[in-house]
Structures are given as C-alpha cells and as structure tokens.
Amino acid sequence: MGSVAAQRFRLPDVGEGLTEAEIVTWRVAVGDQVAVNDPLVEIETAKSLVELPSPYAGVVGELLVAAGELVPVGTPIITITEDGPMDEPIGVPDDEKPPSTLVGYGPSHSRGRARRRPPLNGRNPARPTEDTTPTPAPTEAADPTAGVPPRPLAKPPVRKLAKDLGIDLASVAGTGRDGVVTREDVVAASVPPAPTIAAAQTTVVDGDEHIPVRGVRAATAAAMTASAFTAPHVTVFHTVDVTKSVKLVGKLRADKAFEGVRVTVMLLAARALCLTAREFPDLNATFGDQEILRHPRIHLGVATAAARGLLVPTIEDAGGLGLPALAREVTRMTELARSGAASPAQLSGSTITLTNIGVFGVDSGTPILNPGQSAILCLGSVRQTPAEHRGRIALRWTTQLAMSFDHRIIDGQQGAQALARIGAILRNPKRELLLV
C-alpha cells in the first residue's frame, strides 16, 4: 500500500469578512468515508447557519474541534486521510467526480442533493453504457415508466421555492388537496432541527440562568449598540387610513400574477417605501467620513423573526421591481431566512429597512437603524378603528407608521415629509404601486 496523505481542513471565511464561527453539529464521525463536497460540519456565523462541504475524499481521521466551540477562521477543525483504507469504493466514476475544491458555501446544500437518474432498462440513449452483462429478452414490451417514481404534485411557485431551499419535493408529504405539496409543506421540510448546543451551554448558578451570547444574538447586540450610540436617532409617527390598501390586497390575492406569494399591507408598504426613497434619496444613504453617500440602487432589508433571532434578508434592487416581482422576492427571502437557509450574502447589503411589528398585534414602536443606513420604516398592526370618513364616524382600517432616521443626514422636515408621502400612497394606492 502506498503512502497515506492526511489533510487538515481549516475553518474558512465563508464570506462577509467572517472572523470566527461556532461549531454547531458535526455531520461526520471518525472513520467515516467522505467524498468531495460531502457535508462535514454545520457552523453558525454572525448571520446564518452554514454547512461546510469537504474539499477532500478519504477517511475522517480526527475531529479537532468539539461541537459548541467558538473558533477563529483558519483554525484546523478536521483531518481527512486521502487514499485511506475503505471498505467499499465511493462509487463515483472518475469522469463524474467533482473538482477537489470547496464549492457551494452556504447553508443546507446536503438537502435535496441532485442525483443522476438511473438509465431506463439499463440503457441511456444520451450516453453509451459499458455494461456487457447479457440481459434476458423480455417476454413482453417493457414499461418505460417502470421504477420511475411519480412526479410530485406542486404548483410552479412552490417548485421554485423548493429549488431555492434545496428541498427534494419527492421527500415532502403533501398536505394539500389530492396530495399537492403546498408552500407550507416545503417551508416545514426546510426547517432544520433546533440545535441543542445552546441549551447544553446554559448554566444555572443560584437559580439564575447564564446563557452565552453568540451567533445572531451577539451580532444583533453589537450592531444595535453601535447604531444607537453612533447615529442620532429621530422617530416620527403617522396614523393612516389604509382601507383602500386593504381592499387592494384582497383584489391582488385573487390575481394570477400574485399566485403562490404572500400579499399583505406590508407588501404595499415595502413598495411605498421604495417609491418614497426615490423622491427622497437621503432615505437611501449612508453617513461616511465627513460625507453623505447616496446609493443609486435601493436594496430593501426586511426584518424577519426567525428561530435563531432577528434576521434581515435583502431584496436586491427592490426599487427597480414592480409589485408582482417584489412580492415574489419578499416571500422568497423571508422564507429563506426563517428556514435558516439564507446565506451570509443574502443577509447583508441592504440600504434601507422595513420592519413589521403589526404581525405581533403591536401598534407602533421606535425602531433602531441598521448600521450604515439612514432610515427604517416600522409598520404597526392593521385594525378597524372608529375614524372620520366623509364627515361621518365609521369603522375604517387604520395603521400607525413609525420611521426612525439618522438626523445627521435627514432633518425633521425631510423625515416628516417622507413619512407623510408613504402614508399618502397607502391611504390611496394608485397605479404607481403596480408599475412594473
């Protein structure tokens, strides 16, 4: 037997300037055989859960870091012995082996891994077979669909969501009519089991629980503290009659252009915020080194409550999207964030933020700016309240908007006018909300 080479895999920077990460769950054990790009370990960065694929094929020699440890980038975390003893071959033809490089950085790439469909009846017309084993002549015509599983029933938007989340639809039990796989089925299948490491690390001293602050919670705490004590915050409030917006939402839900996506007043608020940021470009700006940087494109961050904490997935170039496209992107990115499948890049880069606390039944709040941004809009609960309408008191759908802004960039007049403009769009949504 020739010499055996042991490779040490170091914790890489998976993007966004990562400096350290926590080892959450090992996907392999000592002695396991791994192929290139097989998942090795799940780590938690300051933004997301990420699965790291193996850059080597061989046998796991040693796990150098225990689950639950926080390690800096560049730290050796595992050794893999190349060309080590194997009970069985990996079974991947040489011409089909992926290159020995790390690919697919990002969460949950092991879910729904694409597999080559076996050739029908031992033959593949697109590629000649080398199998020379004689096959008995069939006594009757072979069924070309024999052994091929039926295609799961799902609508095109649900199929796209499953593809984005890395979910194999064949593995999802459909709860819809006639076994149709629904959006909720896909999202439920994408949610990873809750890690137990945080609970294991929690200690109790004199009855008090001591919970380590790591990952998303640590990043959120640092970012919010830096923002609160760096940018002078001002918050303005505006109560708006959104009865016409509520009626529009009902019409859009029945429109085929919005099939398979969530349509709520929050979607209209997102569009209104983007339109207003065009008119008031300082809403989409950053206070730099004695200069104000106005961003030409509006990358909308949507604050999303997830199991791991508050995440802000980014809708790239949201200002350039029409309402149907914006609805699809908001639905897709918030579901990626909630399922833990959003990559660090997808949770970064926003230039303005929308948060919706109305889903929790809360009327209003004073949101804190995301670092580097000049404005954040908060949408409160939408509820029926007595209000003046055409000279009479009637039950109307109302909500309270709150907008915090960086007073170094936006003065009180600008902030008030911008919030009033958002309110005007929601009070009487016109064709401008539907422009593509």
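Start by selecting aspartate 406 and arginine 408: their side chains meet in a salt bridge, 2.7 Å from N to O. A salt bridge here is a side-chain nitrogen of Lys or Arg within 4 Å of a carboxyl oxygen of Asp or Glu. Aspartate 406 is buried at 2% relative accessibility, while arginine 408 is partly exposed at 34%. Buried means under 20% relative accessible area, exposed over 50%, and partly exposed in between (1.4 Å probe, protein chains only).

Before moving on, note that this is a predicted model: local features need pLDDT of at least 70, side-chain atom pairs count only at pLDDT 80 or more, and totals for chains, interfaces and linings use all residues. Residues are numbered from 1 along each chain as its sequence is written, and side-chain values use heavy atoms, with hydrogens and water left out.

Select Arg27, Glu42 and Glu51. Salt bridges that share partners join Arg27, Glu42 and Glu51 into one network. Zoom in on arginine 27 and glutamate 51: their closest N and O atoms are 3.3 Å apart. Arginine 27 sits in the loop between S2 and S3, and glutamate 51 in strand S5 (residues 49–53), 24 residues apart. Helices (H or I, at least four residues) and strands (E, at least two) are DSSP runs, numbered from the N terminus. Arginine 27 is partly exposed, at 41%.

**Stop three: strand S2**

Now select residues 20–26, strand S2. Five of its seven residues are buried. S2 pairs antiparallel with strand S7 (residues 70–72) over three bridges; pairing requires at least two bridges found by DSSP. Find glutamate 20, opposite proline 72 in S7. S2 also pairs antiparallel with strand S4 (residues 39–44), over four bridges. There, threonine 25 stands opposite glutamate 42.

Step into the loop between S2 and S3 and pick alanine 29. Alanine 29 is partly exposed at 36% relative accessibility. Its C-alpha atom is 7.5 Å from that of leucine 63, 34 residues apart along the chain.

**Stop four: strand S19**

Select residues 375–379, strand S19. Five of the five residues of S19 are buried, so the strand is largely enclosed by the rest of the structure. In a regular strand, side chains alternate between the two faces of the sheet. Look for that here: Ala375, Leu377 and Leu379 point one way, Ile376 and Cys378 the other. S18 runs parallel to S19, joined by four bridges, with leucine 354 partnered by leucine 377. S21 (residues 392–406) runs antiparallel to S19, joined by five bridges. Alanine 375 has phenylalanine 405 as its bridge partner in S21.

Pick arginine 383 and aspartate 363, a salt bridge with closest N and O atoms 3.1 Å apart. Arginine 383 lies in strand S20 (residues 383–389) and aspartate 363 in the loop between S18 and S19, so the pair ties together parts 20 residues apart in sequence. Arginine 383 is partly exposed at 35% relative accessibility, and aspartate 363 is partly exposed at 43%.

Finish with valine 359, in the loop between strand S18 (352–356) and strand S19. Valine 359 is exposed, with a relative accessible area of 60%.
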